[in-house]
Amino acid sequence: MEGFDRRYVFVVILLVVLIPLLAPLGLPIRVSKEVVGAYDAIERVPPGSTVYFACDYDPATLPEVHPMSYATLNHLFSRDIKVVGACLWPGGPPLLEEVLTRVGEEKFGKKYGVDFVNLGYKEGREVVMVSLGKSIPGTFPADFYGTPVSELPIMDGIEDFTDVAMIVNISAGYPGTKEWVQQVQSRFHVILAAGCTAVSAPEYYPYYQSGQLVGLLGGLAGAAEYEKLVGVSGTATRGMDAQSLGHLAIIVFIVIGNILYFRSTRSRRRTRG
Amino acid sequence: MKREVPLIITAVFGSFMVIEYFVPHPTVTSFGEMLQQWAIIVVAFAYVLGVANIVRINGEKISRRSKDWPYAFPLLAGLAFMLTVGVVFGVGNGTLFNDFYLYAYAPMSGTMFSLLAFFIASAAFRAFRIRTVEAGLLAVAAIIVMLGRVPVGAEMWDKLPVISDWIMNAPQMAAKRAILIGAALGAISTGLKVILGIERNYLGGD
């Protein structure tokens, strides 16, 4: 084991991830109740309403959580729901802009400032969340492009969270889902659905069980399940085969590693005996 | 005075923000909103300090030829470049800033994160040893959840996702809830200690 070159492990992982991406296996995706919860919550939002889209991630987690933004925005725009997007992560605004343009403008023909807006980034984390609950235009006086929000038709009648049907939060850490639950959902009693990285999803299960989160998308699997619900085959669906084989490979490594470990311990004991 | 004034400010404003949560009177809430705006402005200054720090530390690194000093050049050049194109040409769709952000920074950043997969696999092979019963339980639970969360698990055995869901919704959630409650109680205790001036580490210095 000591002399084992770990580059073999790297090559195996590269192959099990790369091959299914090039030649998909098409394994069926099962949708969990947490994802259905998020989907149903958006289904209940009446067309023409406004949803606050909190895009709290940056390019580091883009492959894992960006598909969630694509899938949920597909659902929102397909139901003619207006989207007010903003970020609490400095690296977020260009990603939000990209997904809003691709899905809203290019796919559904929605108009910036009328059907959707990118309010950009504001530093202050939890303070900004609470401040949004008091006044959205007061917290974000101008959008990503510097246009005063008072000049944007979408912001007519939007003062605070009582004017939005729900919040959809896609996050990759702090500030993110936990803070939206603690600072906003519990304080302003607004409906909240969330998507997060797979590693942080277990932390948010208690919030889902308590009803503070109406739905939870965990990692690439959550995004793929949502894509299935909205009938879109995106990067998450394509990535699920790679993730399946990746998980299998890691399990095989754990098993092989332990077999080798027990064999070496036994032979050491024999040598001593 | 150097220590007393910050302690008094913390005690007064900290207590006020606690009261503001429970008292929805317009006078209280409007003052609370003003304090929040102050906080946002003060925090924004951290970015100016951050940029100044990066320039100072990396500038010194280059001038002193410290370890890995050549790497400081692309860092400072990248900072200056993105700052300049963002300020001069704007940051929206189709701008130079956006193109560099989406087609250079984003893939590089994603690549760094994806390296985790290789290190996790390597660690699973070299370090995940089942030496005790507890480690065995952890390994079994991990394998079930790892398989149950991906499509291949259901293909292998249709009960795997059901067992995985039970692990996530019963033992995992119970443990996580206990941790959350413990952390919340700890946060309340620390908050009170800060407001009352018992915890003073945030003041820095000696």
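A residue counts as buried when its relative accessible area is under 20%. The legends below describe close-up views of a predicted model.

**View 1. The cysteines A:Cys55 and A:Cys87 do not form a disulfide.** A:Cys55 is buried, its relative accessible area being 0%. A:Cys87 is likewise counted as buried, with 1% relative accessibility. The nearest cysteine sulfur to that of A:Cys55 belongs to A:Cys87, 4.4 Å away. Because a disulfide requires sulfur atoms within 2.5 Å, this separation is too far for a bond. A search of the whole structure returns 0 disulfides over all chains.

**View 2. The largest nonpolar core comprises 102 residues.** The members touching the most others are A:Tyr52, A:Phe53, A:Leu73, A:Met155, A:Phe161, A:Trp180 and A:Leu213. Helix 10 of chain A, spanning residues 235–272, gives the most to this core, namely 7 residues.

**View 3. Contacts of A:Met155, one of the core members that touch the most others.** When neighbours within four places in sequence are set aside, A:Met155 is in contact with A:Val84, A:Val117, A:Ile136 and A:Val149.

**View 4. Helix 1 of chain B packs against helices of chains A and B.** This helix runs over residues 4–22 and has 19 residues. From first C-alpha to last, helix 1 reaches 28 Å, close to the 27 Å expected at 1.5 Å a residue. Its buried residues are B:Leu7, B:Gly14, B:Phe16 and B:Glu20.

Key. Residues are numbered from 1 along each chain as its sequence is written. Chains are lettered from A and ligands numbered from 1 in the order in which they are written. This is a predicted model: local features need pLDDT of at least 70, side-chain atom pairs count only at pLDDT 80 or more; totals for chains, interfaces and linings use all residues. Side-chain values use heavy atoms; hydrogens and water are left out. Helices (H or I, at least four residues) and strands (E, at least two) are DSSP runs, numbered from the N terminus. The expected span of a helix is 1.5 Å times one less than its number of residues. Buried means under 20% relative accessible area, exposed over 50%, partly exposed in between (1.4 Å probe, protein chains only). Contact means heavy atoms within 4.5 Å. A nonpolar core is a set of buried Ala, Val, Leu, Ile, Met, Phe, Trp, Tyr and Cys residues joined through side-chain atoms within 4.5 Å.
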